[in-house]
Amino acid sequence: MNEMTRSAKHYDMVVIGSGAAGHHGAIQAAKLGKKVAVVERSEALGGASINTGTIPSKTLREAVLRFTRSGSTDHRISASDLALRIEEVASREVRVFESQFRRNDIDVLRGDASFLGPHTVRVTNEAGEQFCDADHILIATGSRPAHNEAIPVDDVSIIDTDTIRRLRTEHHVLTIVGGGVIGIEYACMAASLDIPVTLIERRPRILDFVDQQIAEALSYHMRSQGVTFRLGEEVEEVTRSSEGKVCAKLKSGKQIWSDALLYAVGRQANTDSLNLAACELAADARGRIQVNANFQTSQPHIYAAGDVIGFPSLSSVAMEQGRVAVCRAFGVPVVSVPELFPYGIYSIPEISFVGKTEEQLTEAGVSYEIGIAHYREIARGQILNDTSGLLKILFHRETRQLLGVHIVGEGATELIHIGQAVIGFEGTIDSLINTVFNYPTLAECYKVAALNGLNRINYSGEPHLANS
């Protein structure tokens, strides 16, 4: 061990993992003038975010939307077409990462990382092993799809979210197990390709952390697209017939048959091979590492960020966590406001929200009111042929301060940032009413919703709820 330690190269910061959290953490450390190494076991940089998760799924979604909106009836979109487009986008993003690491003099060490002690990391690959000694370490190893022994993933007809790209578009029927973000997104894509989908979720509603009105609007749209929901149901076993059909047997006794099944229930953090015990750290059953508000583990010089620390498992949040962790490690003042992190769900239509929910405000005893704008009331909504979307604001009845924004519809993940900014500077609905928005745009929804909310608090006598 002493000989290994003597041969170890010293770094100010060693980052394990090059996904969203690791990438931003490493760049931040380099910008602070620190000597940085990034350990990555995969051939391509970028982690799950670029290679199997965020970028592939959103690229796939956009390709599906472009195809369906083109109205082409000549042929079905092929799996090879989709895979090619995903590869093009992902490879470009990988090249961006490689260029950024080179420009910032960050050493990229290829191989599997494991701890030999609180400050020592071993990197093992086919060529052998090397050792790093670090003042600070950031664990950003990300996560992978969780598996269940009752559901034998074979990457052919029973697949997980890492192998969803292998799904053949000629499949006629699809079962999805899991009504969380990933399951919902893929259910929407399949339905847009006219593939009948049955979605099984053990909870009584989908997306239970989303505003109920917004989630219900999405559910209605998905049902109209051919998605069948089996809520409050749990899969007991999955089998395959001799003809290759897949059967999901539910605990209620129901049997759901399909051509393929996607298992999308939870994620498992990638900490198995880190040898955490060598630095007196531990992970929970899902592989997650506990951290404090500064993203420190129980070892003050070891930090963790991204999926490896659990919810909300968003790339955007992981990026910020990686940056903040490094700033805190080197004593650099940094302001981060998790309450203002936006959530984006790339369903069809999109969902996005920021700030408080009605449930949170009710529990806290806050006197609030709502304002709603329906896309069908907005010229841009008519132009886009999105007449089911809506934007909902929550604001304080007395001060009129904006407290939350919840959107379902075209462009929701872009539109949300207006509300995020207003909440951030503690603005009121009056700032929205007094703002002139481009016409015709979806941004007008903010003004319409604010006027709708104002009508609610000024209401007396006969209804007068004009939105403009």
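1. Buried here means under 20% relative accessible area, with exposed set at over 50% and partly exposed in between (1.4 Å probe, protein chains only). Counted by residue, five of the five in β10 are buried. Strands such as this one are DSSP runs of E with at least two residues, helices are runs of H or I with at least four residues, and both are numbered from the N terminus.

2. A word on the model before going on. It is predicted, so please read it with these cut-offs: local features need pLDDT of at least 70, side-chain atom pairs count only at pLDDT 80 or more, and totals for chains, interfaces and linings use all residues. Residues are numbered from 1 along each chain as its sequence is written, and side-chain values use heavy atoms, with hydrogens and water left out.

3. Back to β10 and its partner. Strand β9 (residues 174-177) runs parallel to β10, and four bridges join them; two strands pair if DSSP finds at least two bridges between them. Within this pairing, Leu174 stands opposite Val197 of β10.

4. Phe295 sits in the loop between β16 (267-269) and β17 (302-304), and at 14% relative accessibility it counts as buried.

5. Two cis peptide bonds also deserve a glance. One joins Ile348 and Pro349, with omega about 5 degrees, and Pro349 is in the loop between β18 (343-345) and β19 (351-355). The other runs from Tyr439 to Pro440, with omega near 0 degrees; Pro440 lies in the loop between α12 (429-433) and α13 (444-458). For context, most residues other than glycine have a negative phi, and most peptide bonds are trans.

6. An open sheet of three strands has the order β12-β13-β14, with antiparallel pairing. β12 (235-240) and β14 (255-258) stand at the edges with a single partner strand each, so one side of each has no neighbour in the sheet. From one strand to the next, the twist averages 20 degrees. Five bridges link β12 to β13 (residues 246-250) in the antiparallel sense, and Val238 stands opposite Ala248 in β13.

7. Finally, the helix pair. Helix α4 (residues 54-70) and helix α5 (residues 79-103) pack at about 130 degrees, with their axes 9 Å apart. That makes α4 oblique to α5, where under 35 degrees counts as roughly parallel, over 145 as roughly antiparallel, 65 to 115 as roughly perpendicular and the rest as oblique. Axes are lines fitted to C-alpha atoms, for helices over the stretch in contact, and angles run from 0 to 180 degrees between N-to-C directions.

8. Which residues of α4 and α5 make the contact (heavy atoms within 4.5 Å)? From α4 come Ile55, Pro56, Thr59, Leu60 and Ala63, and from α5 come Leu82, Arg85, Ile86, Val89 and Ala90.

Key. Contact means heavy atoms within 4.5 Å.
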